[in-house]
Structures are given as C-alpha cells and as structure tokens.
Amino acid sequence: MPALDTASPAPAAARPTLYGPVSRLAHWGGALLTIALLTLGLIAEELLPDGALRRKLWAWHVGLGMLALLPLLLRAQWSALALLAGRRPAPLSAPGPLRWLEHGVHAGLLAVMLVMAFSGPLMYWSEGEPVHVLGWFSVPSPIEANAALHYYSGRLHDLGSKLMLALLALHVAGALRHGRSSLRRMAGPRPQQSAR
C-alpha cells in the first residue's frame, strides 16, 4: 500500500468515484454489527422479562460490543487518514446546508459508535465487575467501583442507542435520496462481463 500524503489532499477531479475495498468492508461490516447490537440490546431491554433468554441476549450484546471495539478504532483511523489524503470520493450533494448535514450524520455515527463502545464496558467496570466476552475470556475492571460513574455511563449508553437510531434513519434517507449512485459508490466496481 502506498504511503499516505496527508499534507496535500487530492483535488476533487482526481478523487476516486468509488470507495475502496477496506472502506467498503468497514462500512458493511460495521452496519451489520451495529444493527445486530442495537437489535439485541433493544429486545433484551425493552421486550423480554428477566430470565435466561434475556441474559443470553445481553451476553451476546456485551460480547459482540467488546469484540467490535478494536475494528471500530481501526475504522475511525482509516476514515480520518482517507479524508486527509483525499482518497474519499467527492460528496454527491452540492455545497450547502445539505452537504453539511450529510457530513454531520457521518461524523455523528462514528462518534456515537465510539461512545457506545466505551460506555458499555464502563457500566460493568464502574461496578467493579469484569466484562465477560461470550465465555471466551473476561476483561477485568481497570477502575474502582463508582456508583455515579455507573449511573452516568448507563444513561449515556441509553441515550446513545436512541441517537444511533435517529442517525441511522437519516443516513438511510440520505442514501435513498441519492439513489443508485450512492449505493454504487459503496458496492464496489461492477464485475467485468466476459466477451462472447
């Protein structure tokens, strides 16, 4: 992979028209993981009574959330480097308020994912408990028990889930507004048809 020149972003005309394979994998993998985490969390919290099934769904929610932390940090770094190097495709919207909204939604999604990834484990650690990851291993608490921190991390996580749903709805609405051209950029190049 060539070294990134972060000092001089590429002009719009020289920018790619499609996202690269790493960005596409990060986008679709992150989307699936985010939807899975939201679904597991909302079902366990809002729909199920206390019992074995609810505890099992919570265990999957917590375990997947912990496993998602490193890929999420790598995605944030990759996205920032791509932006600085001018390797991201030019925006589809014309300059103006709509483009700023789109940038805000993208940045907001990444920021909320990071907040969720850190506030989730913090709820356990602030009780002095380790975070168990799907029965494979546990991450011990690096901090002392703190009731106030437990309360606020829980509130932040709950607020983050609602904000995530709103941002996802805006993101999907924006993609639908741009139609096939938006999906095309994140779907990758079309396979070459064989000559007959």
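Accessible areas are those given by the Shrake-Rupley method with a 1.4 Å probe. On this basis, the protein, examined here as a predicted model, exposes about 12,800 Å². Of the 196 residues in the protein, 29% are buried.

The secondary structure comprises 5 helices and 2 strands, arranged along the sequence in the pattern α-α-α-β-β-α-α. Among the contacts in the protein with a separation of 6 or more, 71% are accounted for by residues 24 or more positions apart.

Helix 4 covers residues 147-178. The expected span of a helix is 1.5 Å times one less than its number of residues; the 32 residues of helix 4 should therefore span 46 Å, and the distance of 46 Å between its end C-alpha atoms agrees with this expectation.

Both ends of helix 4 were also examined. At its start, a side-chain oxygen of Asn 146 lies within 3.1 Å of the backbone nitrogen of Ala 148. At the other end, helix 4 is followed by Gly 179, which has a positive phi near 70°.

The buried residues of helix 4 are Ser 153, His 157, Gly 160, Ser 161, Met 164, Leu 167, Gly 174 and His 178. Their cover includes helix 1 (21-47), helix 2 (52-85) and helix 3 (97-125), together with helix 5 (180-187).

Definitions and conventions
Residues are numbered from 1 along each chain as its sequence is written. This is a predicted model: local features need pLDDT of at least 70, side-chain atom pairs count only at pLDDT 80 or more; totals for chains, interfaces and linings use all residues. Side-chain values use heavy atoms; hydrogens and water are left out. Helices (H or I, at least four residues) and strands (E, at least two) are DSSP runs, numbered from the N terminus. Buried means under 20% relative accessible area, exposed over 50%, partly exposed in between (1.4 Å probe, protein chains only). Contact means heavy atoms within 4.5 Å. A polar contact is a pair of N or O atoms within 3.5 Å; within protein, one must be able to donate a hydrogen and the other to accept it, and residues adjacent in sequence count only if both atoms are side-chain atoms.
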